[in-house]
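Reader: I'm new to this one. Can you put it up and walk me through the pocket and the helix packing?

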Amino acid sequence: MPIRAVIFDMDGVLVDAREWHFIALNQALALFGYGIDHEDHESRFDGLPTKTKLEMLSNEGHLPCGLHRFINQMKQLYTAKLIDDRLTPNSAHVEALSRLRRDGLLLALASNSIRATIEHMMDLAQLKDYLSFCLSNQDVRNPKPSPQIYLKAMHQAGVHASECLILEDSPFGLKAAHDSGAHVLKIGNVNEVNYANIRRRIVEIEATACQ
């Protein structure tokens with residue numbers, strides 16, 4: 001079957017924001033004398049929702065559960081400030097999404113971030129108008145690494161998994177993408193997200209399907 005839809009993760013794919021989430025979470029944790037080192041974040045926490053990260057810290061005895069709500073709120077405020085200070089449009093991304101839309105593909109976003117962060121980032125990145133819809137961790141019961149958000153996105157797009165390409169970068173996101181049954185393009189950094197790379201992967205998928 002031909003590819004009819006492309007679904008993007010956000011952090012580390014459309015926005016180089018993985019470090020921002022680490023910084024913002026540590027700023028919020030530091031208000032109470034807590035913190036996560038960079039290596040630990042990269043190996044265990046990267047790509048998970050803030051709520052899940054805080055639950056993990058509490059389960060390990062490092063953080064009182066009663067602090068979760070306030071720390072989460074402060075983390076979102078610090079994240080918003082970093083977005084305003086650092087996010088600028090990526091011309092390669094704008095070109096890629098524009099050309100993919102002209103090719104007749106449906107484009108969507110499925111992220112473990114909250115809805116407000118997604119809207120903020122996509123507005124500043126100038127990508128919102130190319131996306132038919134965006135799903136956040138607030139739109140599913142089980143966020144990544146569960147495939148639920150990608151299954152919901154494919155249902156909303158009206159496509160079968162065999163007609164969908166997902167762009168992902170983190171281990172948790174890649175697991176969710178593969179478990180959804182869709183085709184996957186693994187992203188090493190945001191500079192790999194360009195029209196040529198995406199089109200090359202689509203051609204490869206469609207050529208294999210015809211064999």
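Author: Keep in mind that this is a predicted model. The largest pocket holds about 450 Å³ of space.

Reader: Which residues are closest to its centre?

Author: Leu48, Pro49, Thr50, Asn112 and Asn137 are the closest to the centre, out of 31 residues that line the largest pocket.

Reader: And which elements give two or more residues to the lining?

Author: Those are α1 (18-30), α3 (50-59) and α4 (68-86). The largest share of the lining comes from α3, with 5 residues.

Reader: How does the lining divide into nonpolar, polar and charged?

Author: The lining of the largest pocket has 14 polar, 12 charged and 5 nonpolar residues.

Reader: OK, on to helices. At what angle do α1 and α3 cross?

Author: Roughly 50°, and their axes come within 12 Å. That angle makes α1 oblique to α3. The crossing of α1 past α3 is right-handed.

Reader: Which residues meet there, α1 to α3?

Author: From α1, His21, Leu25 and Leu29; from α3, Thr50, Lys53, Leu54 and Leu57. By class, this contact of α1 with α3 has 4 nonpolar, 2 polar and 1 charged residues.

Reader: What about α1 and α4, at what angle do they pack?

Author: α1 and α4 pack at about 135°, with their axes 8 Å apart.

Reader: Which residues of α1 and α4 meet?

Author: On the α1 side, Trp20, His21, Ile23, Ala24, Leu25, Gln27, Ala28 and Leu29. On the α4 side, Ile71, Met74, Lys75, Tyr78, Thr79, Leu82, Ile83 and Arg86. The contact of α1 with α4 divides into 11 nonpolar, 3 polar and 2 charged residues.

Reader: Last pair: at what angle do α4 and α6 cross?

Author: The axes of α4 and helix α6 (residues 115-125) cross at roughly 5° and come within 10 Å. Under 35 degrees counts as roughly parallel, and α4 and α6 are therefore roughly parallel to each other.

Reader: Which residues make that contact of α4 and α6?

Author: α4 gives Gln76, Thr79, Ala80, Ile83 and Asp84, and α6 gives Thr117, His120, Met121 and Leu124. The residues of the contact of α4 with α6 are 4 nonpolar, 4 polar and 1 charged.

Technical notes. Residues numbered from 1 in each chain as written. Predicted model: local features only at pLDDT ≥ 70, side-chain atom pairs only at ≥ 80, totals over all residues. Heavy atoms only, no water. 1 Å grid on protein atoms, 1.4 Å probe; cavity = no way out; pocket = protein on both sides within 12 Å on 5 of 7 lines; lining within 4 Å. Points joined across faces, edges and corners; volume = space filled by probe spheres on them. Helix = DSSP H or I, 4+ residues; strand = E, 2+ residues; numbered from the N terminus. Nonpolar A, V, L, I, M, F, W, Y, C, P; charged D, E, K, R; others polar. Axes fitted to C-alpha atoms, helices over the stretch in contact; angles between N-to-C directions. Parallel < 35°, antiparallel > 145°, perpendicular 65-115°, else oblique. Left-handed = near helix turned anticlockwise from the far one by under 90°. Contact = heavy atoms within 4.5 Å.
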